[in-house]
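I opened my notebook to get to know this structure, one piece at a time. Here is what I looked up, in the order I looked.

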Amino acid sequence: MDKLFITGGAGFIGSAFVSLALAEFPRCQITNFDALTYAGNLDNLEGIGEHRHRFVRGDIADRDAVLAALGTETDALINFAAESHVDRSIASADEFLRTNINGTQVLLDAGRARGVRRFVQVSTDEVMGSLPEDENAFFTEDSPFAPNSPYAASKAAAEHLVRAARHTFGLDTVITRCGNNYGPRQFPEKFLPLMLSNALGDETIPVYGDGLNVRDWIYVEDHCRAILLALLEGRAGETYNIGARNERRNLEVVESVLRALDKPSSLIKFVKDRPGHDRRYAINPSKVETELGWRPRETWESGLQKTIRWYADHPRWIERARNGDYRDYYAQHYGAL
Ligand SMILES: NC(=O)c1ccc[n+]([C@@H]2O[C@H](COP(=O)([O-])OP(=O)(O)OC[C@H]3O[C@@H](n4cnc5c(N)ncnc54)[C@H](O)[C@@H]3O)[C@@H](O)[C@H]2O)c1
């Protein structure tokens with residue numbers, strides 16, 4: 001698995017995966033195919049260099065562009081590219097259907113046409129909907145699909161297409177499903193970086209509803225290590241749920257951040273709940289633990305410390321991501337977006 005084609009590698013998780021794969025595998029060569037939407041940020045790839053990493057700007061729903069970039073010697077295609085923000089999918093689902101569904105099908109077709117040895121689809125626990133607050137209920141790989149937002153529905157559709165490519169054409173596929181990631185370089189519209197950057201600037205922190213929704217948090221590099229294992233050792237046609245057994249209520253997460261930054265809880269402002277807001281996600285990761293021997297390396301406390309330190313040390317990244325200045329980098333280097 002030396003030649004990897006990674007989509008969405010300028011985003012939060014994709015860029016962490018690119019760094020990790022290059023660091024762990026000295027022979028690995030990566031083509032990083034990313035459309036650079038508002039969420040894709042070449043600043044995330046700073047320092048990676050061009051020796052074993054080739055960046056190609058392109059849209060996964062553009063068949064010709066994908067085929068041209070993929071070449072004939074790719075070992076594995078790992079699909080991170082997606083429209084990923086639930087709130088945006090509620091405002092308008094069009095881009096979610098185009099990228100997450102049509103784009104995945106284009107990648108599957110192109111992977112087959114170019115003889116890619118393995119296709120990894122990076123999916124989400126949200127395809128399985130919401131759990132009751134009963135703490136004995138967990139998502140397993142056999143939980144039924146029950147997506148509740150247009151984002152989750154588009155990711156569920158993508159999983160179905162991956163399954164169909166496996167069943168109908170025998171493509172070697174693996175699906176990974178994960179919960180809420182946290183760590184450096186996450187676009188500041190998402191919950192944790194939003195609250196972190198607001199808290200650092202002494203701005204109010206909006207919290208949906210009663211703040212008691214539960215999410216299962218995982219440090220981004222731990223997620224990427226699990227994807228690497230699934231890529232190398234996962235069984236073809238299988239799905240692996242990835243979670244760090246780390247359930248937290250949203251309010252608890254905000255309070256941890258405020259405490260760590262020594263900021264007052266008066267910054268918290270409860271706002272009208274998101275329509276259809278899922279109450280609880282919680283993953284049973286037994287399969288990835290027992291089959292692939294994966295364990296998270298970070299605890300909630302150590303991962304949060306690293307994350308907070310990174311945001312505190314990178315005010316310019318936050319500023320550029322918030323006002324869109326990072327897009328100038330591309331314009332300067334590669335021409336207008
Ligand atoms: N963030 C999480 O907590 C989380 C949890 C579980 C699963 N996931 C999944 O992981 C993947 C990565 O998530 P993320 O948080 O890094 O997302 P992100 O929004 O930070 O990054 C997405 C990347 O995809 C690119 N992209 C979007 N549309 C594209 C298109 N049409 N063609 C090519 N590139 C395109 C963007 O430019 C961006 O670089 C997604 O598939 C998401 O569904 C995310």
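Predicted model: local features only at pLDDT ≥ 70, side-chain atom pairs only at ≥ 80, totals over all residues.

**Entry 1: a helix pair.** I found an angle of about 15° between helix H4 and helix H5 (residues 150-169), and their axes are 8 Å apart. Angles under 35 degrees count as roughly parallel, so I noted H4 and H5 as roughly parallel to each other. The crossing of H4 past H5 is right-handed.

Next I looked up who meets whom. From H4, the residues in contact include Phe96, Leu97, Ile101 and Leu108. On the H5 side I found, among them, Tyr151, Ala158, Leu161, Val162 and Phe169. Sorted by class, this contact of H4 with H5 holds 12 nonpolar, 4 polar and 2 charged residues.

**Entry 2: the sheet of 7 strands.** In what order do the strands of this open sheet come? I read E3-E2-E1-E4-E5-E6-E10, and the pairing is parallel. Strand E3 (53-57) and strand E10 (239-242) are the edges, each pairing on one side only. From one strand to the next, the twist averages 20°.

H4 turned up again here: it packs on this sheet and touches strand E1 (3-7), E4 and E5. The direction of H4 makes about 175° with that of E4. Leu77 has Phe119 in E5 as its bridge partner.

**Entry 3: the sheet of 3 strands.** This open sheet has the order E7-E9-E11, and here the pairing is mixed. Its edge strands are E7 and strand E11 (247-249). The twist in this sheet averages 50° from one strand to the next.

E7 and strand E9 (residues 214-219) run parallel and are joined by 3 bridges. For Asn181, I found Ile218 as the bridge partner in E9. Helix H7 (residues 220-233) lies across E7 and E9, and it runs at about 75° to E9.

**Entry 4: around the ligand.** Which residues come nearest to the ligand? Of the 30 residues around the ligand, I listed Gly8, Gly11, Ala39, Gly40 and Ala82 as the nearest. The elements giving two or more residues to this shell are helix H1 (12-24), helix H4 (94-113), strand E5 (118-124) and strand E7 (180-182). H1 gives the most, with 3 residues. By class, I wrote down 14 nonpolar, 12 polar and 4 charged residues for the shell.

Key: Residues numbered from 1 in each chain as written. Near = placed C-beta within 6 Å. Helix = DSSP H or I, 4+ residues; strand = E, 2+ residues; numbered from the N terminus. Nonpolar A, V, L, I, M, F, W, Y, C, P; charged D, E, K, R; others polar. Axes fitted to C-alpha atoms, helices over the stretch in contact; angles between N-to-C directions. Parallel < 35°, antiparallel > 145°, perpendicular 65-115°, else oblique. Left-handed = near helix turned anticlockwise from the far one by under 90°. Contact = placed C-beta atoms within 7 Å. Pairing = 2+ DSSP bridges.
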